[in-house]
Amino acid sequence: MRLKQSFLFYALSASLLLADVRTAEKSFYRRVGAIVERITPALIEIRRDIHAHPELAFQEKRTAGIVADYFQKLGLEVRTGIAGTGVLGILRGGKKGPVVGMRGDMDALPITEETDLPFRSKEKAMLNGREVGIMHACGHDIHTTLLLGVAHVLSELRSELSGTVLFVAQPAEEFGDGAAEMLKAGVFRDIRPEAMFAFHVEDTAKAGVIKYAAEYAGANVDGFTLVIESAGCHGSAPHECIDPIVVGAQIVTALQVMVTREINVHNDTVITVGSFHAGAAANVIPERAELKATIRSHGGDQRRLIKEKVERLVEHVCQAAGAPYKLNYTIGTPALRNDPRLVQRILPTIERVLGGNQYVQLEPPIMGGEDFSYFAREIPSVMLWLGVVPENVEKTSVHSPTFIADEKSIPIGIKVMSAVILDYLEAERQKR
Ligand SMILES: [Zn+2]
Ligand SMILES: [Zn+2]
């Protein structure tokens, strides 16, 4: 009886304690919500300003200046000029704890904007000797704004923050080497995060939805340029020279056969020959054909295997035809691999902030490229996709001159990322 009574007592006090913790938790997240509501209008102004003044990869001087100023005003320790225009903001919390990072990329694309937004870009730049428009057609203006917003929220909660948060404003994602350059420049040389998070805008989901990949959120982006040479001859006498178009066509087809016959179906692989240039007249066999391909895969062994196979195939098809060739195979951005355990760990937080798991959607492995992979290769990381399709718009797509992002996604992204970081730090504090 005594035992039962005390058990009841402990059970009751434990549940009261839990209720207490939950109330404290609730009020904490209500505070996050209140801060986000308050700072959103000013952040939208900043986003529109960045959108109207986009800058190409490694030229993000103005944007980096806005970021550095904002971080400075928040009282963060600020380091600038990392890999040219990269910025690091360091927020040290009031309590001891681990170091985590958030990354936002800043660069825009050489695309002339065709939206009718009042803050559309009119900026131009010279690229490879010709004038091009510049546009934030990949939503990096939103990513930069989210970085500022999360830094703002967490800096207001600084005294309760158990650890340190690094805010990484990265140049040149579209070139595929901004992240690598920041690492090379020693962005984490004296302070290194144990986990990193990032957002990318998602053009297949409305604001209020977040998508994620359980593991691969991007692919190895490799490729080649192949030149097949010939002496050239009259189209009516093809036996007098090597026909580089026929040899090239054989290679295009053989590559597709290789993917389906030589690569395990479970090892995601795409080879696309997206460019094939040769000849000018119907009755002339040209002196050269030039093929360009992109090659996507996931694991590291896989990319090495594909390279060997492509080299072997090109060599032997050309040899069979007696065609001289030059193959330039390039190894680009590595595959972006979300840390599977970290993904599972943060999902409950995202579901709670968005108000249910129906707003958090699993995506199959992605074959696109994203240079956040350089960070993710060294540090357990997760990239989340933030729905940005406006309500009245059926379809919008990144890298298009008409791309439009719903600004309602900004406060949502800030709330989600702030909560992800806060929950991560809190869980680590309880473990230690
Ligand atoms: Zn892009
Ligand atoms: Zn992008």
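## Surroundings of helix H6

The buried residues of H6 pack against strand S9 (220-229), helix H5 (244-262), strand S11 (269-278), strand S13 (288-297) and strand S14 (325-330). Helices (H or I, at least four residues) and strands (E, at least two) are DSSP runs, numbered from the N terminus. The model is predicted: local features need pLDDT of at least 70, side-chain atom pairs count only at pLDDT 80 or more, and totals for chains, interfaces and linings use all residues. Residues are numbered from 1 along each chain as its sequence is written, while chains are lettered from A and ligands numbered from 1 in the order in which they are written.

Arg303, Ile306, Val310, Val314 and Cys318 of H6 are buried (20 or more other C-beta atoms within 10 Å of the residue's own, placed from the backbone; exposed means 12 or fewer, and partly exposed lies in between). Because they cover an arc of only 80° around the axis, they lie on the same side of H6; the arc is that of the directions from the helix axis to the C-beta atoms. On the other side, the exposed residues include Asp301, Glu308, Arg312 and Glu315.

Just after H6, Gly322 has a positive phi of about 70°.

## Nonpolar cores

The largest nonpolar core has 82 residues (buried Ala, Val, Leu, Ile, Met, Phe, Trp, Tyr and Cys residues joined through C-beta atoms within 7 Å). Helix H9 (residues 409-431) gives the largest share of this core, 11 residues. A second, separate core of 20 residues includes Leu226, Ile228, Leu291 and Ile295.

Methods
Contact = placed C-beta atoms within 7 Å.
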